[in-house]
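Dear colleague,

Please find the structure below, handed over for your study.

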Amino acid sequence: MMRVIFYTASTINGFIADEQNSLDWLFAVEPPAPEHYERFLTSVGVLVEGSTTYEWVLAFEGLLKDPGKWTALYGERPTFVFTSRDLPVPEAADVRLVSGDVRDAFGRISEAAGGKDIWIVGGGDLAGQFLAAGLLDELQIAVAPVALTAGAPLLPLRVESDRLTLRAVEQQGQFAVLTYDVGHGAG
């Protein structure tokens, strides 16, 4: 069964990036064993991200200068990028620029997933749009032993406890991975 999953890392006080949109805090933490990420990625058929996340990945990984790295990172999976402007696309990458309401693009995203899971890569605002639209099924949050004073919040909207059910807690190195099922009722 296809699930829409916001899989991300967060500080213990709920930030996914610092006030300069940097993830340096994340890379200072010893990462979990790679099989955790690889296990997650095998269930994913399509990636969805906002333009800030997409541009960060392009720059951090140097994907415009070395587009072959795209396939090494994500395989042949299509990536939908929500943006209001034209953005560069690495050669041979299946990147589809979309704009507007997430509900309007959801049919195309689901079809591209081919029955596999949809990974909402980030950011929190985009994940919040999927949640508000009743399209988010699961949160997987890898909580790092870091606290920031400001930055981009995990989710920039209020979510009450009646919307989230804790399904699993797993230690992956220095990270506590919390998995929540998302209810689709009012909240």
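**The largest pocket**

Helix 3 (residues 51-61) gives the largest share of the lining of the largest pocket, seven residues. Helices (H or I, at least four residues) and strands (E, at least two) are DSSP runs, numbered from the N terminus. This is a predicted model, in which local features need pLDDT of at least 70 and side-chain atom pairs count only at pLDDT 80 or more, while totals for chains, interfaces and linings use all residues. Residues are numbered from 1 along each chain as its sequence is written, and side-chain values use heavy atoms, with hydrogens and water left out.

A pocket is an open set of points on a 1 Å grid over the protein atoms alone, where a 1.4 Å probe fits, with protein on both sides within 12 Å along at least five of seven lines; lining residues have an atom within 4 Å of a point. The largest pocket has 42 lining residues, and Ala9, Leu23, Leu26, Phe27 and Trp56 lie nearest its centre.

**The second largest pocket**

This pocket is lined by 16 residues, with Arg39, Phe40, Gln140, Glu170 and Thr179 nearest its centre. Among the elements that give two or more residues to its lining are strand 1 (4-10) and strand 7 (138-143). Strand 9 gives the largest share, four residues.

**Strand 1**

Strand 1 pairs with strand 7 in the parallel sense over six bridges; two strands pair if DSSP finds at least two bridges between them. Tyr7 has Gln140 in strand 7 as its bridge partner.

With kind regards
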